[in-house]
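Thanks, everyone. Let me put the model on the screen and walk you through a few parts of it.

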Amino acid sequence: MEKLKVGVVGVGHLGSIHAKIYKEIPNCSLTAICDIDKERLSAISHVLAVPTYSDYRELFGKVDAVSVVVPTKLHRKIAFDLLKHKIHTLVEKPFTLTLKEADSLINEAKKEKLILQVGHLERFNSAFAATLKLIKRPRFIECHRLSPFPNRSLDVGAVLDIMIHDIDIILGLVSSKIKKVESVGVNVLTKFEDIANARITFKNGCVANLTASRVSDEAMRKIRIFQEDTYISLDYKEAKASVYKKVGKKITKENLPIEKEQPLQKELQSFVDCVLRKKEPLVSGSVAREAMAVALEIQNQIWRKKIL
């Protein structure tokens, strides 16, 4: 079978990792990398021995699929042009800046019958995958996603940067429409919200409480899911999961066996497989749009309250 020709647009910190992983995936060939920073481009090319380009439009006709790993404000323009030239596209989160931009990409991909995937990494976390079969009807979900100041991805606030991961996971777990969203947030080191908290109430009674911060001393990525007679604790960062159950009058604890894998490698392999097999991605443009709609509502509530 002929290998899928893949390119990466934007080879900063995350984009360079995309490129290195594609180089290792058996059924694809890293054919091109692109960045406007020629020094960065040269450094990556020296390691990977891949043709380089400073203009993404030079990739037209040279690749079958592309990862778009550039600032969010450029996602719509670059991804739309790629799709228009019949190139399957993976866009890193956050998907776009507006729902209108997201819709234009979804519609273009549908029109051209192309794969459009969005990079929601936690869907591919092995610990999360191990707990899925145990999650039946959540009653309360608590998420904490904290990190030191990143010095990158600062073109958006903490909601679109990091909280959106948990929004996506929660929407996938709770089979119900949203009844109410309540949000607060403050800026600390940027003009955007650096700390945010949201409380999402669903029509079936489930409540989710989400906290995101990018000005914390230590990194934390945890979710706790409470349902009848069961409590599931999941640590994305450490790829660990425990299940607590009520047995009689006692609480038992079981640590789930988890085979640790690299989520980004699984995500990119899945993208390649979806293109080759013409199957729907786990996080399609439409799925990512749902998470983005909630994230924008949370973000807009924070701004309307003029806490910033």
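Ground rules. This is a predicted model, where local features need pLDDT of at least 70, side-chain atom pairs count only at pLDDT 80 or more, and totals for chains, interfaces and linings use all residues. Residues are numbered from 1 along each chain as its sequence is written, and side-chain values use heavy atoms, with hydrogens and water left out. Helices (H or I, at least four residues) and strands (E, at least two) are DSSP runs, numbered from the N terminus.

Helix H2 covers residues 38–48. Which of its residues are buried? Leu41, Ile44, Ser45 and Leu48. Buried is under 20% relative accessible area, exposed is over 50%, and partly exposed is in between, with a 1.4 Å probe and protein chains only. Contact here means heavy atoms within 4.5 Å.

Next, H3, residues 75–84. Here 7 of the 10 residues are buried, so the helix is largely enclosed by the rest of the structure. Among them are His75, Phe80 and Asp81. Packing against the buried residues of H3 are S1, S4, S5, H4 and S6. Lys86 follows H3, with a positive phi near 60 degrees.

Now the strands. Two strands pair if DSSP finds at least two bridges between them. S7 and S11 run antiparallel, joined by 7 bridges. Arg145 has Arg221 in S11 as its bridge partner. S11 also runs antiparallel to S12, with 6 bridges. There, Ile225 is partnered by Ile232. The S11–S12 hairpin has 2 residues between the strands, and Asp229 takes a positive phi near 65 degrees.

Last, the second largest pocket, with a volume of about 230 Å³. A pocket is an open set of points on a 1 Å grid over the protein atoms alone, where a 1.4 Å probe fits, with protein on both sides within 12 Å along at least five of seven lines; lining residues have an atom within 4 Å of a point. Grid points are joined across faces, edges and corners, and the volume is the space filled by probe spheres set on them. Of its 14 lining residues, Ala109, Lys110, Leu114, Leu116 and Glu280 are the closest to the centre. H4 gives the largest share of the lining, 3 residues.
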